[in-house]
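Open the model in your viewer and keep the sequence panel beside it. We will go from stop to stop, with something to select at each one.

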Amino acid sequence: MRRAVCPGSFDPVTNGHIDIIRRASGLFDEVVVATGTNVSKSRLFAPEERLQMLEQATEHLDNVRVAGFGGLIVDFCREIGAVAIVKGLRGATDFDYELPMAQMNSHLTGVETIFLPGASRNAFVSSSLIKEVAGLGGDISAFVPPFVAERLTARLAQRSSPA
Ligand code: PNS
């Protein structure tokens with residue numbers, strides 16, 4: 001059984017993430033999508049909410065499951081017997097961000113990172129940009145599944161309404 005991990009914040013999951021997860025699921029026997037916390041990013045959704053959205057977004061992929069993790073991603077990979085981390089790259093900026101993490105993870109436990117080129121249609125899609133556009137009333141329906149768009153709109157409305 002060759003198992004890989006697709007880690008990320010997924011705040012929230014986008015069509016770009018789903019495309020990478022789907023393609024990774026074709027390369028490995030099992031893919032575990034792991035929601036972690038990037039300490040340098042602020043979050044809109046709680047870990048359980050991000051997990052639940054990921055579960056719904058990947059329910060059509062039989063060999064994909066979803067899990068949360070705390071601590072180091074390499075420790076999580078070891079715990080579940082994953083041989084690789086799969087990440088999508090939208091461009092050179094992603095590569096510059098991801099390469100040191102891949103090298104650090106390889107140094108720590110020898111786990112390999114595999115980069116998949118993001119589809120060009122998702123080149124400008126990021127959770128951060130989607131939150132910003134949605135927060136300012138823009139249409140983000142092309143970039144996330146409909147149920148994510150609904151939850152995002154509801155959460156942003158909740159946040160902007162006076163307490
Ligand atoms: O969505 P992101 O910001 O690309 O997700 C980054 C994440 C959560 C996958 C990354 O920050 C991570 O792996 N965090 C876990 C802690 C860890 O292992 N840090 C050292 C990485 S070399």
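Start by selecting F115, which at 24% relative accessibility counts as partly exposed; buried means under 20% relative accessible area, exposed over 50%, and partly exposed in between, with a 1.4 Å probe and protein chains only. This is a predicted model, in which local features need pLDDT of at least 70 and side-chain atom pairs count only at pLDDT 80 or more, while totals for chains, interfaces and linings use all residues. Residues are numbered from 1 along each chain as its sequence is written, and side-chain values use heavy atoms, with hydrogens and water left out.

**Stop 1: an aromatic pair**

Searching the whole structure turns up three aromatic pairs. In the pair of F95 and F115, the ring centres are 6.1 Å apart and the planes stand at 70 degrees, so the arrangement is edge-to-face. (Rings of Phe, Tyr and Trp, the last with its six-membered ring, pair if their centres lie within 6.5 Å; planes under 30 degrees apart are stacked, over 60 edge-to-face and the rest tilted.) Because F95 lies in helix α4 (residues 92–109) and F115 in strand β5 (residues 112–117), the pair ties together parts that are 20 residues apart in sequence. Helices (H or I, at least four residues) and strands (E, at least two) are DSSP runs, numbered from the N terminus.

**Stop 2: a lysine in a strand**

Next, select K87 in strand β4 (residues 84–89). Is K87 buried or exposed? At 16% relative accessibility, K87 counts as buried. Show its side chain together with that of E98: a polar contact of 3.1 Å joins the two. (A polar contact is a pair of N or O atoms within 3.5 Å; within protein, one must be able to donate a hydrogen and the other to accept it, and residues adjacent in sequence count only if both atoms are side-chain atoms.) Not counting residues up to four places away in sequence, K87 touches several others, among them P7, I20, M101 and F115 from the previous stop. Contact means heavy atoms within 4.5 Å.

**Stop 3: the sheet**

Switch to a cartoon view and colour the strands. Five of them form an open sheet in the order β3-β2-β1-β4-β5, with parallel pairing; two strands pair if DSSP finds at least two bridges between them. At the edges stand β3 (64–68) and β5, each with a single partner strand, so one side of each is left without a neighbour in the sheet. Neighbouring strands here are turned by 30 degrees against each other on average, direction ignored. (Axes are lines fitted to C-alpha atoms, for helices over the stretch in contact, and angles run from 0 to 180 degrees between N-to-C directions.)

Zoom in on β2 (residues 30–35), which five bridges join to β3. A34 stands opposite A67 in β3. Helix α2 (residues 47–57) packs on the sheet here, touching β2 and β3, and its direction makes about 180 degrees with that of β3. Then select helix α3 (residues 73–80), which lies across β1 (3–8), β2, β3 and β4 and runs at about 150 degrees to β1.

**Stop 4: helix α1**

Which residues of helix α1 (residues 15–25) are buried? They are G16, I18, D19, I20, I21, A24 and S25. Their cover includes β1, β2, α2, β3, β4 and β5. At the start of α1, look for T14: one of its side-chain oxygens reaches to within 3.2 Å of the backbone nitrogen of G16.

From there, move to N122, in the loop between β5 and α5 (127–135). N122 is buried, with a relative accessible area of 9%. Leaving aside neighbours within four places in sequence, N122 is in contact with N15, G16, D19 and R90.

**Stop 5: helix α6**

Select V148 in helix α6 (residues 146–160). V148 is buried, with a relative accessible area of 0%. Beyond four places in sequence, V148 touches P12, V13 and M53.

**Last stop: the whole chain**

Zoom out to see six helices and five strands. Along the sequence they follow the pattern β-α-β-α-β-α-β-α-β-α-α. Of the 163 residues, 46% count as buried.
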